[in-house]
Amino acid sequence: MQVILLAIATFIFAIDQFSLTETIYRPMIACPIIGLILGDLQTGLVIGGTYELMMVGNMPVGGAQPPNAVLGAVVAMVFAVKANMDVNTALGTAVIFSLFGQYAVTLTFTFMSGMMAKADKAAADANPAGITQVNLISMGLLGSLFAVCAVLAYIGGEAMAAPMAALKDNLSWLLGGLGAAGGMMRNVGFAVLLKIMLSNDLWGIFLAGFAAAAILGNIPATAGACLILVAFIGVAIAINDFNVSLRIKENAGNGGMSDGI
Amino acid sequence: MASNATSYKDLTPAANLDQGTLNAMVWRSLNLQASFNYERMQAAGWLWGILPGLEKIHTNNEDLSLSMEHNLEFFNTHPFLVTFVMGIVLSLEQQKADINTIRAVRVAAMGPLGGIGDAIFWFALVPITAGITANLAIAGNIVGPLLYLLIVFGVQMALRFWLMNWSYKLGTSAIGILTKNAKEFTRAASMLGVFIVGALTCNYANINLGMTIPNGESVIDVQGLLNGVLPAALSLAATLGCYVLIKKKNWSATKCILMLLVVGIVGCALGIWAGDYTSLIPVPWHA
């Protein structure tokens with residue numbers, strides 16, 4: 001019974017880390033809930049508070065993937081309550097599991113890139129239900145992978161850590177490759193946008209945007225606000241072009257009138 | 001991506017969206033990242049979020065399909081601030097603005113919000129709330145997590161509702177000036193869009209070589225050399241490469257994705273890309 005509730009809770013937290021409330025997956029809330037399931041709320045509160053403070057310096061900023069907090073929290077709770085580990089040992093032993101959480105995320109994000117073709121098909125058919133399906137498949141996949149990891153930790157306990165570490169070492173090139181490929185895939189997304197937006201006379205503007213981000217993004221003082229500052233420059237260029245075009249249009253109109261053609 | 005139409009069939013502006021539909025979309029916006037992926041990031045979640053509005057606005061299937069297709073392109077913004085982009089885009093969709101205009105405005109609005117959102121939430125609200133409530137929890141007080149949930153989720157939802165309503169009204173009121181000079185506006189908006197995509201190509205760059213070549217005492221870092229030539233050069237090359245394959249060779253996006261998957265995995269087997277892994281074949285340039 002406990003293990004089923006644990007799987008369900010992990011399933012929900014896995015989805016929540018990117019969707020839903022984006023709040024209950026935080027250790028602060030997730031740990032007490034797991035604590036209730038395992039029958040030790042007190043330990044849940046302590047680990048939750050400790051882990052949350054640890055995570056303050058480890059935020060999901062700018063699309064980076066930190067070691068996964070959800071599996072870290074769930075597995076640390078399992079170890080602390082079932083194996084009576086103290087807080088720090090439990091968090092330490094859970095690290096290998098949180099690494100596999102990160103792999104599960106990478107796998108899902110890669111696989112779902114392929115699923116975008118299905119979403120395109122749904123759009124071409126004007127079929128909203130198809131879009132809902134794609135989203136549900138993704139959430140189900142991510143949730144299931146996480147739930148499996150949590151159940152492994154519950155049943156296998158610490159004994160699972162060694163084989164998982166071995167698996168990680170042997171397959172690291174494959175997982176690293178998926179990660180590297182994942183880093184390149186956004187460029188396909190940009191290429192699709194450009195396919196339509198980039199007329200032949202806008203090449204300079206594209207390169208200027210690239211240059212602006214390269215400059216502002218590499219100066220520590222402006223790196224954080226890079227895209228806002230880039231937008232300021234872009235807006236100036238766009239407004240200027242808009243006004244110039246308007247004036248040309250007005251003049252062309254007047255010229256045509258006075259010539260009487 | 002099947003069609004390349006630039007305007008909707010039915011150009012009659014649709015009626016204003018009612019508050020119920022706007023609210024429904026605010027709730028749906030929570031699942032923006034439901035099918036997050038490396039290629040288009042939040043695209044499918046974004047489309048799912050605005051679908052209730054799009055279905056009300058585009059009453060014929062052809063236009064709905066057109067709108068769904070262009071709203072499935074690359075999308076990424078801060079999840080807590082997304083309703084701002086939603087309101088603006090919906091007001092343009094409602095006026096049946098040129099598709100290129102809607103795309104350009106969408107791209108221009110989504111980029112800068114990421115930085116603002118990170119600053120508000122991950123660097124301010126969450127650390128402060130955690131600081132206040134974590135000690136309550138460590139002391140064994142259940143109020144800690146409850147307060148945390150109330151503050152973080154409450155602020156987030158309030159902001160989502162407010163931004164949706166504000167930006168929808170803003171977009172609807174500004175639209176009159178824009179439609180009078182639609183052609184010029186589309187052109188200017190496209191410039192801004194292309195400028196931002198150029199910036200994203202650099203700012204979101206995530207392709208790094210991991211090769212190091214021993215050179216006497218020191219070590220030559222190949223990526224470092226490349227950065228000296230042009231920062232984010234590989235991201236620029238990948239974007240332009242895919243652009244040529246898609247535009248000139250008629251490749252599908254899926255085909256590009258599969259190619260990159262092979263490039264990534266083979267590259268790591270040979271120890272070419274950066275990352276914490278052991279290459280399949282031992283090579284001198286990858287530790």
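**Two chains and their contacts**

Student: How many residues of chain B are in contact with residues of chain A?
Tutor: This is a predicted model, where local features need pLDDT of at least 70, side-chain atom pairs count only at pLDDT 80 or more, and totals for chains, interfaces and linings use all residues. Residues are numbered from 1 along each chain as its sequence is written, while chains are lettered from A and ligands numbered from 1 in the order in which they are written. Two residues are in contact if their C-beta atoms, placed from the backbone, lie within 7 Å. Chain A contributes 100 residues, and the number from chain B is 106.

Student: By class, how many residues on the side of chain B that touches chain A are nonpolar?
Tutor: Ala, Val, Leu, Ile, Met, Phe, Trp, Tyr, Cys and Pro count as nonpolar, Asp, Glu, Lys and Arg as charged, and the others, Gly among them, as polar. That side of chain B has ten charged and 29 polar residues, and its nonpolar residues number 67.

Student: What pattern does chain B follow along the sequence?
Tutor: Helices (H or I, at least four residues) and strands (E, at least two) are DSSP runs, numbered from the N terminus. Chain B has ten helices and two strands. Read along the sequence, the pattern is α-α-α-α-α-α-α-β-β-α-α-α.

Student: In the hairpin of E1(B) and E2(B), which residue takes a positive phi?
Tutor: Strands pair if DSSP finds at least two bridges between them. E1 (residues 212–215) and E2 (residues 218–221) of chain B pair in the antiparallel sense over four bridges, and Asn215(B) has Ser218(B) as its bridge partner. Two residues lie between the strands, and the one with a positive phi, near 65 degrees, is Gly216(B).

Student: Is Ile96(A) buried or exposed?
Tutor: Ile96(A) is in helix H6 (residues 95–124) of chain A. A residue is buried if 20 or more other C-beta atoms lie within 10 Å of its own, exposed if 12 or fewer, and partly exposed in between, with C-beta atoms placed from the backbone. Because 21 other C-beta atoms lie within 10 Å, Ile96(A) is buried.

Student: What separates the C-alpha atoms of Ile96(A) and Met164(A)?
Tutor: Leaving aside neighbours within four places in sequence, Ile96(A) is in contact with Ala161(A), Met164(A) and Ala165(A). Ile96(A) and Met164(A) are 68 residues apart along the chain, and their C-alpha atoms are separated by 7.3 Å.

Student: How far apart do the C-alpha centres of the domains of chain A lie?
Tutor: Domain bounds come from an automatic or database domain assignment. Chain A is divided into domain 1 (2–185) and domain 2 (198–259). Their C-alpha centres lie apart by 42 Å.
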